[in-house]
Amino acid sequence: GLFNAITDCGAGGLSSAVGEMGSEIGATVDLEKVPLKYAGLRYDEIWISESQERMVLAVPPAQVQNLLALAASEDVEAAVIGTFGTDRADLVLRFQNTEVGRLSMKFLHEGIPMPRRRAIVPSPGSTKPAEHLAAPEFIPSGSAQELSLSSSLLSALSHPNVASKHWIIRQYDHEVQAGSVIKPLVGPHQRGPGDAAVIRPKLGSFRGVVISCGLAPHIENPYEMAIASIDEAVRNAVCVGGNPRRLALLDNFCWPSVEDERTLGALVRACEACHDAAKAYGLPFISGKDSLNNQFTDTATGTVIRIPNTLLISAIGTLEDVRNCITMDLKSAGNSLWLVRPRSTELPYLALVHRIVSAAIARGLIRACHDSSEGGVLVAAAEMCIGSGLGLALVDQHPRDPAWWFASRLGEYLLELPKDRFAEARAGLSADGIELIALGEVIPEPRLVVTAHERVSIDEPVDRLAEAWLSPLDW
């Protein structure tokens with residue numbers, strides 16, 4: 001009960017934070033009381049400064065000293081800078097006992113007419129996501145005829161979009177207070193790509209928090225791109241034991257200038273996808289951020305360079321017991337590997353597969369789980385080997401175009417099912433609308449082997465796969 005409202009100082013600094021929090025009752029701010037990062041700022045600069053890592057709290061008068069004492073005990077800078085509530089619900093700014101600004105909150109929030117913009121959506125198309133997402137461009141064209149499956153796999157693993165990001169990961173602290181349960185890199189040697197992070201904020205409890213993300217800027221259709229990003233974030237959380245019914249979503253839009261009507265139309269379609277997915281999955285969007293002018297004009301040539309339409313989705317949820325979490329690295333020779341996916345990528349079927357997999361993990365029926373995303377099924381299988389040091393013997397009983405192994409599809413999971421509870425696990429994953437495909441078996445030898453009609457198309461040592469995956473960004 002030390003405070004009853006809180007928000008961060010985002011764009012516009014105090015102006016946005018205090019202006020939003022006091023929208024109904026007004027606020028008075030004494031700007032000379034605001035702690036400064038740099039001395040000598042004018043009062044208007046203090047008001048709009050965007051210094052990072054600042055929060056504004058609404059604190060009951062009886063709790064002010066308690067909150068200040070708590071902040072001091074944690075070496076956190078805190079100061080009383082004003083009060084909420086004025087006679088006329090105004091925003092009042094003072095500096096050294098002189099009033100330097102006053103605005104009606106009603107005018108501030110409602111007084112300026114909102115613009116109406118025209119958005120062009122060339123072809124809205126279906127609201128149903130594509131059944132198959134095309135094989136990524138890092139798979140060489142004509143691989144079915146010109147390159148072996150092994151060469152294509154090594155090429156995919158070494159592509160910067162797929163390759164290990166350990167060089168970046170190890171520059172950042174993910175061991176704060178020893179509360180990390182699942183880290184960015186997992187497995188016996190911490191070299192497998194974890195699907196999501198799990199932390200235990202209170203070390204006296206086994207309750208935890210799962211945090212995951214999804215990103216698919218390579219998909220040009222903005223509706224499908226947004227659906228894919230949301231689905232990947234949910235899948236990543238489920239892979240470690242997250243409950244898809246207990247997640248919340250955050251959006252982060254990075255877009256070219258929406259002054260362009262077609263770019264704005266693409267943004268509209270992405271927002272429609274967020275609405276549709278949130279309704280279908282039963283998940284709220286609780287926060288977000290946007291940056292809607294990411295382009296550059298070459299003044300010499302007039303050429304406009306625009307970033308791809310990009311939506312980063314983050315998912316966060318609570319876990320009752322972090323000891324029930326699992327990771328993507330293979331666990332035991334003799335267990336089987338299965339591909340689980342919805343028979344249709346319509347949103348209700350996607351929601352169903354996430355719930356089915358989550359329930360099986362909660363019952364202890366899955367030993368390892370990894371989502372199939374960039375690089376598709378074969379890359380995901382290779383990553384499970386890299387993370388564990390164990391091998392896989394995969395059998396393609398219905399030989400397909402090799403591109404099938406690299407194309408990703410929404411809602412896909414690779415699951416290691418325990419040999420001693422296989423029948424129970426298989427039954428737990430069976431449901432109308434769910435497709436189960438047997439891929440093969442975990443083997444003790446550190447090799448990835450793929451055969452079709454007794455013909456070996458891949459036989460690669462795990463160390464070679466790991467070298468291809470680790471070396472591109474090993475700076």
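Keep in mind as you read that the model is predicted. The partner of Arg 207 in a salt bridge is Glu 320, and their closest N and O atoms lie 3.4 Å apart. Glu 320 sits in the loop between β16 (310-319) and β17 (336-342), while Arg 207 belongs to the loop between β10 (197-199) and β11 (208-214), so the pair ties together parts that are 113 residues apart in sequence. Glu 320 is partly exposed too, because its relative accessibility is 47%.

## Other charged pairs

The whole structure holds 23 salt bridges. One of them joins Asp 463 to Arg 191, with 3.8 Å between the closest N and O atoms. Here distant parts of the chain are linked, 272 residues apart: Asp 463 is in helix α13 (residues 462-470), and Arg 191 is in the loop between β8 (185-186) and β9 (192-193). Asp 463 has 57% relative accessibility and therefore counts as exposed.

Arg 363 and Glu 424 make another salt bridge, their closest N and O atoms being 3.3 Å apart. This pair also links distant parts of the chain, 61 residues apart, with Arg 363 in the loop between α10 and β18 (368-371) and Glu 424 in helix α12 (residues 422-429). Both residues are partly exposed: Arg 363 has a relative accessibility of 45%, and Glu 424 has a relative accessible area of 33%.

## A four-stranded open sheet

Now for the strands. An open sheet of 4 strands runs in the order β4-β2-β5-β6, and its pairing is mixed. At the edges stand β4 (82-84) and β6 (98-104); each has a single partner strand, so one side of each is left without a neighbour in the sheet. From one strand to the next, the twist averages 10°.

What does β2 contribute to this sheet? β2 is joined to β4 by 3 bridges in an antiparallel arrangement, and Thr 28 stands opposite Thr 83 in β4. With β5, β2 pairs in the parallel sense over 4 bridges, and Asp 30 stands opposite Arg 94 in β5. Strand β2 (residues 27-30) is covered on both faces: Ala 27 and Val 29 are buried on one side, as are Thr 28 and Asp 30 on the other.

Strand β5 (residues 90-95) pairs with β6 in the antiparallel sense, over 6 bridges. Phe 95 has Thr 98 in β6 as its bridge partner.

Strand β6 also holds Leu 103. This leucine counts as partly exposed because its relative accessibility is 36%.

## Helix α10

Helix α10 (residues 347-362) has 16 residues and spans 23 Å from its first C-alpha to its last, close to the 22 Å expected at 1.5 Å a residue. Buried residues of α10 include Leu 347, Leu 350, Ala 351, Val 353, His 354, Val 357 and Ile 361. Just after α10, Gly 364 adopts a positive phi of about 75°.

Terms used
Residues are numbered from 1 along each chain as its sequence is written. This is a predicted model: local features need pLDDT of at least 70, side-chain atom pairs count only at pLDDT 80 or more; totals for chains, interfaces and linings use all residues. Side-chain values use heavy atoms; hydrogens and water are left out. Two strands pair if DSSP finds at least two bridges between them. Helices (H or I, at least four residues) and strands (E, at least two) are DSSP runs, numbered from the N terminus. Axes are lines fitted to C-alpha atoms, for helices over the stretch in contact, and angles run from 0 to 180 degrees between N-to-C directions. The expected span of a helix is 1.5 Å times one less than its number of residues. Buried means under 20% relative accessible area, exposed over 50%, partly exposed in between (1.4 Å probe, protein chains only). A salt bridge is a side-chain nitrogen of Lys or Arg within 4 Å of a carboxyl oxygen of Asp or Glu.
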